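Here are a few exercises to work through with the model open in your viewer. Try each task before you read its solution.

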Amino acid sequence: IESEQGRVYKYLFADRHDDASASPLLFLNRLDAPVHLMWGDRDLTDSITSSRAVVEKLQSLGKPLSWTELPNASHFDAHLSLADPRNAWWQAIGFGSAP
């Protein structure tokens, strides 16, 4: 069985070094729009680490930001949760319905 991490490099990046140049951390200083980040607490380790780093960097830059770490959620659970209009992401951008 192939790991989620292994699939990232099999299907998204031809070379393991390509992920560094794709990092959103490189572009955050140019960001002007409000951001809401969401990830699961059982997400890929790299996704959790990079999401937390983005939060920290945006906060240090004084950029508009909110974030949610979903309990008991994998990377794909976090994505699938967007089907629920009560999801925190929808609430953060003003399109969700109240619970």
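**Exercise 1. Find what the buried side of H3 packs against.**

Start with the contacts, meaning heavy atoms within 4.5 Å. The buried residues of H3 pack against strand E1 (35-40), strand E2 (65-70) and helix H4 (75-80). Helices (H or I, at least four residues) and strands (E, at least two) are DSSP runs, numbered from the N terminus.

Next, list those residues: Ser47, Ile48, Ser51, Val54, Val55 and Leu58 are the buried ones in H3. Looking down the helix axis, they fall within an arc of 125 degrees, so they line one face. That arc is taken from the directions from the helix axis to the C-beta atoms. On the other side, you'll find Thr45, Glu56 and Ser60 exposed. The cut-offs: buried is under 20% relative accessible area, exposed is over 50%, and partly exposed lies in between (1.4 Å probe, protein chains only).

A word on ground rules: this is a predicted model, where local features need pLDDT of at least 70 and side-chain atom pairs count only at pLDDT 80 or more, while totals for chains, interfaces and linings use all residues. Residues are numbered from 1 along each chain as its sequence is written, and side-chain values use heavy atoms, leaving out hydrogens and water.

**Exercise 2. Work out how E1 and E2 are connected.**

First, the pairing (at least two DSSP bridges between two strands): E1 and E2 run in the parallel sense over six bridges. Val35, for instance, has Leu65 in E2 as its bridge partner. Now trace the chain from E1 through H3 to E2: this β-α-β crossover is right-handed. In other words, with the strands pointing away from you, the path from the first strand over the helix to the second runs clockwise.

**Exercise 3. Classify the aromatic pairs.**

Ring centres of Phe, Tyr and Trp (its six-membered ring) must lie within 6.5 Å; planes under 30 degrees apart are stacked, over 60 edge-to-face, the rest tilted. There are two pairs. Trp39 and Trp67 sit 5.4 Å centre to centre with 10 degrees between the planes, hence stacked. This pair links E1 with E2, 28 residues apart. At 2% relative accessibility Trp39 is buried, whereas Trp67, at 44%, is partly exposed.
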